[in-house]
Amino acid sequence: MSDLFKNYIGGKWVESVSGQTFDRKNPATGELVATYTKSNPADVDAAVSAAKEAFKSWRLYPAPKRGEILYKVANLLVERKEEFAREMTEEMGKVISEARGDVQEAIDMTFYMAGEGRRMYGQTTPSELQNKFNMSVRKPLGVAGIITPWNFPMAIPSWKIMPAIISGNTVVFKPASFTPRTAIRFVQDSEEAGLPAGVVNLVMGGGADVGNAIVEHPDVPLISFTGSNDTGIDVATRGARLNKRISLELGGKNAVIVMDDANLDLATDGILWSAFGTSGQRCTAASRVVAHTSVQKELVDRLVARADTMRMGDGLDESVDIGPVVSANQLKSINDYIAIGRNEGARVAVGGGIASDGNLGRGHFHQPTIFDDVKAGMRVAQEEIFGPVTSVIPVESLDEAIDVVNGVKYGLSASIFTADVNRAFRAMQDIFTGILYVNAGTTGAEIHLPFGGTKGTGNGHREAGTVAMDFFTEWQSIYVDYSGKLQRAQIDNQE
Ligand code: NAD
């Protein structure tokens, strides 16, 4: 058996009180990656206690000094980027170039939030009275519960943990059970960089045991959650009863519009990368292509020709284009959608099956799949499949294209390929997604802009950029009266 990886609570690596463990296997090969301690609510209790204790001093630690620790974390990530990327590929399957990108996002976010330690701007305003000074300052809330999915195992935790701690909160972090090792590496780097004990605590285990216990813990006032809609709504519902602050980043059904004046070389590249990158398991994946009928055939022919030659295999092999999907269940769920699409009358233009030739049979591989002649209301055009599957929906005009893009319950990302600046601006104005690209695919967000979705994708919060601080801080408005007397307006103002 490989070494047992443990929880990190109050600055110590400790086994769960349950004494149980769980394994993670490489989704490309079926080989054991690592064994982890399997936690229960008692471990969450211990982690919350440690975080609550650490909050007393961490909130008073000068923010620029917190930033200096974050700079050290980022530098360690830079040094170990290749090692962490390789481990990530073994753990969840994305191809090595994308795993490097995932670690790079964590590096970028950590540097960015380190700098926030010297900003964290509030406001000063004039006062209605003489000899009075008004300002507002950001304050941390306490212990932040951080619950993350497996598809961006280092980037997403960094989007949450770094803004949480730079603003003075402490953290109890539960990574997805498919990707604890990457989470451990991130926490080990934080420890090595000198983050005080208890500021970040890691508890590994399942959603039912560990996730629930974090959400319902009375000493955790805020929860930052990224994952599926069903789980997210459940987390928000239970959290709301306890009057918690909850941030949700959920699913997507993102679309690429290809107009009749589009550069088809560019559009083909953009679609393939956004639809099949990370085997389609990105929240921003392009799972719909809304194509003008005058270019539909040409576009589909190009996509099919390219998809047909994409190499599937172990993502550690640099020549592989598409790695495995994360698990056997995920593979089945993706493949079930192929039957659903066929039954609805969509035409499989390429792919459409599980790939099991030779070594692929050891892992969970699905062929890159394109449905053509899809109607906007079909389930494959409405529901998040979370696999290497995209649906081409023909339209006659920009107005119709925009209606199709907006006609789903999600609102994360969209893009338009066009050479006409007027059409590009119409798309910017009329598409209601949190992220919009012009002449690029639906993926590739940069960490200094807000990230998140509208409608069913979230609940209005945004990650990344300076707005990330809004979720992790409270405003305190402060009035300083240096007149030495009770001034008249204080009597008149009733608030
Ligand atoms: P998931 O909902 O199954 O799990 C997410 C996390 O929640 C995991 O850590 C899981 O253990 C935990 N969890 C499960 N049940 C819980 C419970 N009852 N209480 C508390 N926590 C619980 O999602 P997943 O399969 O890991 O991730 C895929 C989903 O995430 C997709 O829908 C994808 O679109 C979405 N996602 C969204 C974004 C975004 O920013 N919008 C980014 C990445 C992924």
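This is a predicted model: local features need pLDDT of at least 70, side-chain atom pairs count only at pLDDT 80 or more; totals for chains, interfaces and linings use all residues.

Residues are numbered from 1 along each chain as its sequence is written, and side-chain values use heavy atoms, with hydrogens and water left out.

**Salt bridges between strands and loops**

Select Arg-245 and Glu-474. Their side chains form a salt bridge with an N to O distance of 3.0 Å; the term requires a side-chain nitrogen of Lys or Arg within 4 Å of a carboxyl oxygen of Asp or Glu. Arg-245 is partly exposed at 22% relative accessibility, and Glu-474 is partly exposed at 36%. Arg-245 belongs to strand β12 (residues 245-249) and Glu-474 to strand β24 (residues 473-481), so the pair ties together parts 229 residues apart in sequence. Helices (H or I, at least four residues) and strands (E, at least two) are DSSP runs, numbered from the N terminus.

Next select Lys-52 and Asp-219, a salt bridge whose closest N and O atoms are 3.5 Å apart. Lys-52 sits in helix α1 (residues 41-58) and Asp-219 in the loop between α7 (207-216) and β11 (222-226), 167 residues apart. Asp-219 is partly exposed, at 30%, and Lys-52 is partly exposed as well, at 44%.

**Salt bridge within a helix, and a network**

Move to helix α10 (residues 293-308), which holds both Lys-297 and Asp-301, four residues apart, about one turn of the helix. The closest N and O atoms of this salt bridge are 2.7 Å apart. Lys-297 is exposed at 60%, whereas Asp-301 is partly exposed at 41%.

Then select Glu-82, Arg-86, Arg-100 and Glu-318, which are linked in a network of salt bridges. The model has 33 salt bridges by the rule above.

**An open sheet and its helix**

Select β1, β5 and β4, three strands that form an open sheet in that order with mixed pairing; two strands pair if DSSP finds at least two bridges between them. β1 (4-5) and β4 (20-25) are at the edges with a single partner strand each, so one side of each has no neighbour in the sheet. Strand β5 (residues 32-38) pairs with β1 in the parallel sense over two bridges, and Leu-4 stands opposite Thr-35 in β5.

**Two packed helices**

Which helix packs with α4 at an angle of about 10 degrees? Helix α5 (residues 155-166) does, its axis 8 Å from that of helix α4 (residues 96-116). The two are therefore roughly parallel, a term for angles under 35 degrees.

**The buried side of α7**

Finish at α7, and select its buried residues: Val-210, Gly-211, Ala-213, Ile-214 and Val-215. Their cover includes α1, β8 (143-147), β9 (170-174), β11 and α8 (229-241).

Technical notes. Axes are lines fitted to C-alpha atoms, for helices over the stretch in contact, and angles run from 0 to 180 degrees between N-to-C directions. Angles under 35 degrees count as roughly parallel, over 145 as roughly antiparallel, 65 to 115 as roughly perpendicular and the rest as oblique. Buried means under 20% relative accessible area, exposed over 50%, partly exposed in between (1.4 Å probe, protein chains only). Contact means heavy atoms within 4.5 Å.
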